[in-house]
Amino acid sequence: MGFPVNRPRRLRASETIRALVRETDLQVDRLIYPLFAVPGRDVLEPVAAMPGVEHRSVDRLVERAREIYGLGIRAVLLFGLPETKDERGSEAAAPDGTVHQAVRALKDALPDLLVITDVCLCAYTTHGHCGVLTADGRIDNDATLEQLARVAVSHAEAGADWVAPSDMMDGRVGAIRRALDEAGYTDTAILSYAVKYASAFYGPFREAAHSAPAFGDRRTHQMDPANVREALKEVALDIEEGADLVMVKPALAYLDVIRAVRQQFPLPVVAYNVSGEYSMVKAAAERGWVDERAVVLESLTAMRRAGADAIITYHAPDVARWLGN
Ligand code: PBG
């Protein structure tokens, strides 16, 4: 009389039971860790807005890669800062650029570490835009494609396992796939930043990558945060052009987009838990306002639950430790 027959709490009674019926898991082999390579030797500079993240010269980067490999992390996403910037971002494709040296050193030290390189021009151009500009200061989409293809091939030559174009130019996956194949890199996979929003959550990264645009913004190529059907169109195009995996970025404010992509397409979906998401948790945790470990594990589990196969996250080393690796 009035008492419930169905008591869902029975299956929450102990950790043994909860673990047995848990629908989503989070393991270190689902994580990809971003690294920032800078020119020089013995350089190790903290990125102020991202506690725990550093700029490292190649020698110190390899050191860090060994540490995180020891924690069970098997994949890294590599960003580079150039020695010099120019209008076209030439150094991005220089065979002896910072990223190229870093890729060679990482594959040399840890052959089984999956090395993914970010392909974009924003950190390499004087104006900080993701492409080459026309005389009147707009991004020249098709001229940018040629440059991006050169960058991707140069990364593959250095030994990158996968390339990850993050520029959001139309047609870049196709251009990169063709260039890689022509150069003989048929086994180099493309992880496309297929669904990349014009987000305020990239703020701390732009400090880390020295890649803030000198004028204007990225809203003519990155997506409007209000759109989700457009995300499905971007993914469909990238698949047609030869993407092997697709990314949704940022992650937390876009869990519905991750879900939609997962439901509609068979490709693996990667979520990018971006810099601003990381820094907010770090800042609140420093003040004792949130429990860092609990908040991070809950957030990453939510990304997996939404449908992400893998997650790019600056929290990866902490998570590996918390999960007991
Ligand atoms: C562009 C790039 C950006 C990020 C990854 N690749 C910044 C941007 O588009 O402005 C953001 C990553 C992050 O915020 O963690 N090369």
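1. Buried residues are those under 20% relative accessible area, exposed ones are over 50%, and partly exposed ones lie in between (1.4 Å probe, protein chains only). The model under discussion is predicted: local features need pLDDT of at least 70, side-chain atom pairs count only at pLDDT 80 or more, and totals for chains, interfaces and linings use all residues. Residues are numbered from 1 along each chain as its sequence is written, and side-chain values use heavy atoms, with hydrogens and water left out. Helices (H or I, at least four residues) and strands (E, at least two) are DSSP runs, numbered from the N terminus.

2. Asp42 has a phi near 55°, a positive value in a residue other than glycine. Asp42 is placed in the loop between strand S1 (31-38) and strand S2 (44-46), and it counts as exposed because its relative accessibility is 52%. His210 also belongs here, with a positive phi near 45° in a residue other than glycine. The loop between helix H6 (203-209) and helix H7 (229-241) holds His210, which counts as partly exposed at 47% relative accessibility. For context, most residues other than glycine have a negative phi, and most peptide bonds are trans.

3. The bond from Lys249 to Pro250 is cis, with omega near -10°. Pro250 is located in the loop between S8 and H8.

4. Strand S8 (residues 245-249) is mostly covered, five of its five residues being buried. Leu245, Met247 and Lys249 point one way from S8, while Val246 and Val248 point the other way. Which strands pair with S8? Strands count as paired if DSSP finds at least two bridges between them. S7 (residues 189-196) is joined to S8 by four bridges, and the two run parallel; in this pair, Val195 stands opposite Val248. S8 is joined to S9 (residues 269-273) by three bridges, and these two also run parallel.

5. Leu245, found in strand S8, is buried, with a relative accessible area of 10%. Leu245 and Leu267 are separated by 22 residues in sequence, yet their C-alpha atoms are 5.7 Å apart. Contact means heavy atoms within 4.5 Å. Neighbours within four places in sequence aside, Leu245 is in contact with Trp162, Ile190, Leu191, Ser192, Leu267, Pro268 and Val270.

6. Strand S9 is likewise mostly covered, with five of its five residues buried. Val269, Ala271 and Asn273 point one way from S9, and Val270 and Tyr272 the other way. Four bridges connect S9 to strand S10 (residues 310-313), and the two run parallel. In this pair, Asn273 stands opposite Thr313 of S10.

7. Two packed helices are described by the angle between their axes and the distance between the axes. Axes are lines fitted to C-alpha atoms, for helices over the stretch in contact, and angles run from 0 to 180 degrees between N-to-C directions. Angles under 35 degrees count as roughly parallel, over 145 as roughly antiparallel, 65 to 115 as roughly perpendicular and the rest as oblique. A crossing is left-handed if the near helix is turned anticlockwise from the far one by less than a right angle, and right-handed if clockwise.

8. How are H9 and H10 oriented to each other? The axes of H9 (residues 275-286) and H10 (residues 292-306) come within 10 Å and cross at roughly 155°, and the helices are therefore roughly antiparallel. Their crossing is right-handed. Glu277, Val281, Lys282 and Ala285 of H9 meet Glu292, Val295, Val296 and Met303 of H10.

9. The axes of H2 (residues 58-70) and H3 (residues 98-109) come within 10 Å and cross at roughly 40°, which makes H2 oblique to H3. The crossing of H2 and H3 is right-handed. From H2, the contact is made by Val58, Leu61, Val62, Ala65 and Arg66; from H3, by Thr98, Gln101, Ala102, Ala105, Leu106 and Ala109.
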